[in-house]
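Thanks for coming. I will keep this short and go through one model, beginning with the place where two chains meet.

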2 protein chains.
Amino acid sequence: MNPAASSLVARRDSRKLMDVALGRQKADMAVINATLINVYTGEILTGQAVGVKDQWIAYAGDDPGPLIGPDTLVLDAAGQTLIPGLIDGHTHMAWICPVHEAVGAAMASGTTTIITETMETYPVAGYRGVVDFLGALADQPITILATAPPMMSISQATAGIDPQELDSLLGRGDIVGLGETYWQQVLAQPHRFLPLMAQTLARSKTLEGHSAGARGHKLAAYAALGVSSCHEPTSADEVLERLRLGIHVMVREGSIRRELEAVAPIVQKAIDLGFAPARAVAMATVNVAEHFGLDPVIGGIAPGRQADMVIVPEPARIAPSTVIAKGRIVWQKGRPAAKPRPHVYEAASLATVRLPRALDPADFAINAPPGATTVKARVIELVTDLVTRETILDLKVNCGLITADPARGLAKVAAVDRAVQPGKRFTGLVAGLGLKQGAIASSGAWDTADIIVAGVNDADMALAVNRIAQMQGGVVACAGGRILAELALPVFGLIGDLPLAQIARRLNDLQTAAMDLGVPFRDALLTLVTLTGAAIPFLRICEEGLVNLKDGATASLLVQAS
Amino acid sequence: MNPAASSLVARRDSRKLMDVALGRQKADMAVINATLINVYTGEILTGQAVGVKDQWIAYAGDDPGPLIGPDTLVLDAAGQTLIPGLIDGHTHMAWICPVHEAVGAAMASGTTTIITETMETYPVAGYRGVVDFLGALADQPITILATAPPMMSISQATAGIDPQELDSLLGRGDIVGLGETYWQQVLAQPHRFLPLMAQTLARSKTLEGHSAGARGHKLAAYAALGVSSCHEPTSADEVLERLRLGIHVMVREGSIRRELEAVAPIVQKAIDLGFAPARAVAMATVNVAEHFGLDPVIGGIAPGRQADMVIVPEPARIAPSTVIAKGRIVWQKGRPAAKPRPHVYEAASLATVRLPRALDPADFAINAPPGATTVKARVIELVTDLVTRETILDLKVNCGLITADPARGLAKVAAVDRAVQPGKRFTGLVAGLGLKQGAIASSGAWDTADIIVAGVNDADMALAVNRIAQMQGGVVACAGGRILAELALPVFGLIGDLPLAQIARRLNDLQTAAMDLGVPFRDALLTLVTLTGAAIPFLRICEEGLVNLKDGATASLLVQAS
């Protein structure tokens, strides 16, 4: 089992559970008369009862009588179905939505355990930032566990995690393993990442994977390192190839932000697609628990497991009437029955945009070689909303400068380090982003400590970045010197401080603004922040320059004549 | 994952495996053209290849070309089926058969991993004995892992394990968890056993269970303690009730000695019973690995797993033509291709029968109360060959003594401590054993440090015990002052030093002798040694007296008139 499960078990008073099961002590809570989906056997059993003591299940069976005393809270689930609390095995909670707001949404959906990455916090706030973020996850009405950041990054300044710091994180009870390692980076830089993976396996914790696009020998090589999951497959063939190699596959539903709230819909979708309800529920409960080695404590309704359970009126429809997490009712009759805890972050976590000065438009100028009238430039071309490739374009030089050319679909894109070497920046070119005017920028930029900004004029690019600095993080769309839409993300420059509904509205406004500026993609922010990412091929940008993921090498913006 | 898996992973050079998978280095061995049973997907795939480096699988797929160099040993499995090495999840290897002989038998059957209990060694040789036994399991051609002894015992002298010693054992890479705890003992003595179970879970290792006869609330109470397996169910109902509570069930095939060699027959039987071959193979491979949290290293044919594989000519018949363990061929063409290592045990492990003096017939006399002509005696009655109950019989006193009465089916039975308080003994009565003459004795006696001896005359009982002492352990059948059959077990007084075939012959001779003496059971030795056992209800005997498993209390032989 995962040592993280041991940490949960350490809180369990086995003697008390034993006594409750035997009727020597009374249960705190009992669910009775339920139709129970048993995820261990795949059965749907009627007339079932569950006895709860503290945050644990003490009894499951058909004879709750001996456990029920005058102080036992009895929930009669007659006519309803009882399933284990859902588990979301892969999320990015250090991203936009405040933790307590995400917890509230999870509770409503019947999600009682979340596993989240922490990779976003490390480059901008270091080990102390990760620990602060883990503090935000602790003592919530539901269980939140996390992975340690391996820090795959195209930037040498933010690639890799200090082995001592990793070891401290791996030693924690709330860390289940090492977060997603991107296969290309691992295979390209084994000297850097294999030791971190070995450190994790030595701690008996899991290696989460990211094998988008890998196949054949490369996928086998990645599997040989002990990677045990991938959440990237988008086709049945990709799923099958991974399963055959002993890699667990996590099926995603929707884009980043939707994933958190999408666990229930996933189960729903599986049911709608024809999976037996018991099978579909197992996919989102015990299977996830087993993947992480957490099945001794979560994932099923059985004695000794944490009392995480969902009562649904209809077995084929995952619409909870009551959600029980850690032995307490957290959601009932369409309303929260427990209060997610807002975290008070450390001052350092609220001061991660540390630019030494406001940026000028001139800071985004790209100089051509002296005397040149045309140049060959290496341009990031968006092939889809996320996948890019390198394209070489012949560009005219204007007054010694290389400029955006909206008519040709060419914008500037710059990455500005905000935390590690604050102010260090690189400006390049992106084709296919669609911007006709203005700029969009974000202080969240995958795998780096950068602010990423794209724009067709330098003044709006500077405005967007400076506005983000003023807000201590956020997302901004502007044009003609005017802010069109914005969302402040003051925690780590990554996480907002507004209620979920307001954040959703502002994200929507930002998307509308981006589309008004010409961006054709359904999630312009995701397209923008992925420009710095190390996970998705091929040409990316960071404060150090352009990086081709094929070899991890930095490439110049201007191409020498061959 | 189980920390024991981490210990195995620590030997894995991931970089090398990665390089082999990518074709940058050549494989040591490649199996090609195989029909492969993929236990992860349940598929049967043709044209498959596996590349092996050191003791690990580096590649699995359909394109072995890049891995094969001039020094690669290529095994063409065209027309044959490749399955993962079988795993035997529950054995008692410290019992009769020398380890290296058992390993030889396992190799022949395609068993490449064995998990064994160690409980037999602790009472007779202590922590040092367990460690010596673990030494015998190490560095064998196949993988052998073990559980630490919880020491359930009806004898207070041998009940429980020292927590420090348990912790030292749990810290070892070859210990996967705590050995089988008997549910009645655990529920009756939680103060003694719950801390040992908590210690094990804190080390992220498994709790093996033994829940024979438990059901309903008692089974739930046992499950609530974190017990994750049971190998005792004998009916589909019992299996189902355990599965529903999240307990893994191990299906046995045959009696104790047969279990080790029976893994292949089990798979065979499952296939014969109609399980798809892939499902049946999974039951004896990946399922067992997952139960113990060892699936990252064994149980399937995938990159990064130990190269434990079996080539079988017919998919529906598990008769290996080649067995590969730890990356080496260990069995081929009906012959061993690797040599199991005989262990040189410590002197102390060979001197565990420490009776202070030879016993006299008078040592087994049972005195009646002065002047009594009849007594009411508490007698162990064999209800089956293993299950007993307490029965109260009126017995005549002969010359002040209570004696065996073969005509009534009544024999004497004595337990003689040979290691902890050597010479301490208790003599009682057993009904239903069938002995008409002579005595049978064994220095292996479940859960105790006792020699167990049953007989109808005191002289033969003394002879049997004294002969065992001379042999430093063994099994003896005698009558009329003559040894009829015997088997020496000089290692811990538990394990023999003869080849398997000779041991089998001697066991057969002992069984024949026991039947000649009147014992009707198919395994007289098993019946005898179970008389001291703490696992099977109800009345048992040890050097401290009679013990009723219902409450664990010692009961007197003579019953006071009520």
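**Two chains and their interface**

In this model, 50 residues of chain A are in contact with 51 residues of chain B. Before going further, please note that the model is predicted.

How much area is buried between chain B and chain A? The figure is about 3900 Å², and carbon and sulfur atoms give 63% of that area. On the chain B side, three residues supply more than any other three: Met1(B), His217(B) and Arg244(B) provide 18% of the area that chain B buries against chain A.

Now to chain A by itself. Chain A has 29 strands and 16 helices. Its C-alpha atoms fill a box of roughly 90 × 50 × 45 Å along the principal axes. For a chain of 562 residues, a compact globule would have a radius of gyration near 24 Å, and the 25 Å of chain A agrees with that.

Next, the inside of the chain. Of the 562 residues in chain A, 63% are buried. Turning to contacts in chain A with a separation of 6 or more, 67% of them are between residues 24 or more positions apart.

Chain A exposes about 19400 Å², with carbon and sulfur atoms supplying 52% of it.

Last, the charges. Chain A carries 48 positive and 54 negative charges. How far apart are the mean positions of the positive and negative charges? In chain A, these mean positions are 1 Å apart.

That is the end of my part.

How values were computed: Residues are numbered from 1 along each chain as its sequence is written. Chains are lettered from A and ligands numbered from 1 in the order in which they are written. This is a predicted model: local features need pLDDT of at least 70, side-chain atom pairs count only at pLDDT 80 or more; totals for chains, interfaces and linings use all residues. Side-chain values use heavy atoms; hydrogens and water are left out. Helices (H or I, at least four residues) and strands (E, at least two) are DSSP runs, numbered from the N terminus. The radius of gyration is taken over C-alpha atoms; the globule rule is 2.2 Å times the number of residues to the power 0.38. Buried means under 20% relative accessible area, exposed over 50%, partly exposed in between (1.4 Å probe, protein chains only). Contact means heavy atoms within 4.5 Å. Accessible areas come from the Shrake-Rupley method with a 1.4 Å probe; for residues, only the protein chains shown count as cover. Lys and Arg count as positive and Asp and Glu as negative; His and the chain ends are not counted. The place of a charge is taken as NZ of Lys, CZ of Arg, CG of Asp or CD of Glu. Buried area is the accessible area (1.4 Å probe) that two parts lose on being put together, summed over both.
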